[in-house]
Amino acid sequence: MPIYLDHSATTPIDDRVFEAMLPYLRDKFGNASSVHQLGQDARAAVDKARRQVAALINARANEIVFTSGGTEANNLALTGICQAAQGHGRHIITSAIEHPSVRGVVDHLEKQGWSITRLPVYENGIVRVDDVRGALRDDTILVSVMMANNEIGTIQPVAEIGALVRAERARGRKHLWFHTDAVQAAGRISIDVEVIGCDLLSLSAHKIYAPKGTGTLFVRRGVRLFPQQIGGHQERERRAGTESVANIVAFGTAAELAESEMTQRSEHTMHLRNRFELNVQQQIPDIIFNGDREMRLPHVSNISFRYIEGEGLLIHLDMQGVAVSTGSACSSGTLEPSPVIKALGRNEELARGAIRFSFGKDNTDDEVDYAVDALSSAVSALRKISPLASATQSAEFGVT
Amino acid sequence: MSYSDSFKDHLTNPRNGGELADANASAAETNPVCGDRLSLSLRLANGRIEAARFLAYGCPPTLVCGSVLAEIIEGISIDEAMKLTRTQIAEAARGLSSRKQHAAALAIETLRSALARHPSANCQNR
């Protein structure tokens, strides 16, 4: 098994979660909409999971809409609200570092004539509440700012934004809503929809040690949004389709575990992350940490390695049994450096040389130490053939 | 992105990486679209490439094509080198997808620039 340091991409399934879902893949296979006993058993399991997921974010069970994942939850939130509220305005405020499942929807809406304000995040990777306030217009109907970023882990001031939106609503702006994508935050920091004051909040199961294929959109009671999948009464008419019972049971179990074990998981991953960063800093020169060092998720480290490009480094590490990820992509000769790192004001070289390391509850000190050694040798090897390193450093790379 | 074992081997064990201190032909080219860079230093003598070294910055295909190129051309005649095509580089890189052919093109462009700049090379761009 490789040393897996890519927990922001996905997490392995917890054994307890796996055991909980197994019966619903075999004997308890009923459709939760069926009237017979098998169906009612499935319904009870879904209802229990709904309470468990609701408890993770301090919501009511009937405010939980199960979806196929975080992407669908974000699509449902943005498109659903915009379709329902477009008679009151067509302006959306969002940030420059949203996940593609928000960014893509916003881009699509823009092509349909919506007006979009994309807030900057500055060098620390954090949105400023004053910028949100300044961007509000009479026709603004939605503010969508993620709770924590997927590449650099920076935690956004969502409670302050929520308070701002609520205050505006209290002043008479009744059709202004606040959505936050909490997919990366879930299980890593506390999420309380009452503290945040959001109207919509997205979650994904596979980021908290459950299988891929399930997510949730929290929809606060009284918020009207148009369903994006129709043709069934499931999820209180908000998301048609037979519930994926086993996956939902897994999500519920994972949510309960995430809540009960959050403190120890956060402390453990923060210890690993800090140990990693300290060792990297000592062993590898010419690096830059991306994002605020304090206001960030406990398990994420994002580092730009000067003179080299991230994908080559990723493959080097993969060959040494260490799995990480990069936010940049090169295809058809067109480079797409990470928009998140670019939004920090980094140049192309630093955006291309950024790697995300994300630690999990089952990683160990030994794994971290091995990863640092592997990283150090990989960076050194790539810099030896880099013309950027050669141009700025001594002639030690010269070969005769 | 799935890469072949040979491709990964070139990436992690690049052939002829570095710069020649006694090079008498060299070139550095940049892909204007993606910013990938490749530089080549050559020692030419008696119509042959006696030694070749490369430096590369960019996506893995660019690094691998630099390694493949430097390995192939060391020891061959200048005439043979001038006849090399990007298809040959792409094939030697094993696993270069159709979307990554620009890396092989950059390698060939850099080779031809280096050879064209050497006064005794007596070669033509083709």
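A: The C-alpha centres of domain 1 and domain 2 of chain A are 29 Å apart. Domain 1 covers residues 15–260 and domain 2 covers 262–388, with bounds taken from an automatic or database domain assignment. The model is predicted: local features need pLDDT of at least 70, side-chain atom pairs count only at pLDDT 80 or more, and totals for chains, interfaces and linings use all residues. Residues are numbered from 1 along each chain as its sequence is written, while chains are lettered from A and ligands numbered from 1 in the order in which they are written.

Between the domains of chain A, 22 residues of domain 1 are in contact with 20 residues of domain 2; contact requires C-beta atoms, placed from the backbone, within 7 Å. The domain 1 side comprises 10 nonpolar, eight polar and four charged residues. Here Ala, Val, Leu, Ile, Met, Phe, Trp, Tyr, Cys and Pro count as nonpolar, Asp, Glu, Lys and Arg as charged, and the others, Gly among them, as polar.

Turning to the partner chain, helix α11 (residues 310–319) of chain A packs against helix α1 (residues 5–12) of chain B at about 105°, the axes being 10 Å apart. Helices are DSSP runs (H or I, at least four residues), numbered from the N terminus. Axes are lines fitted to C-alpha atoms, for helices over the stretch in contact, and angles run from 0 to 180 degrees between N-to-C directions. In this contact A:Gly312, A:Ile315, A:His316 and A:Met319 meet B:Lys8, B:Leu11 and B:Thr12, a set of three nonpolar, three polar and one charged. The predictor assigns the complex an ipTM of 0.91 and a pTM of 0.93.

Note on methods:
Contact = placed C-beta atoms within 7 Å. Helix = DSSP H or I, 4+ residues; strand = E, 2+ residues; numbered from the N terminus.
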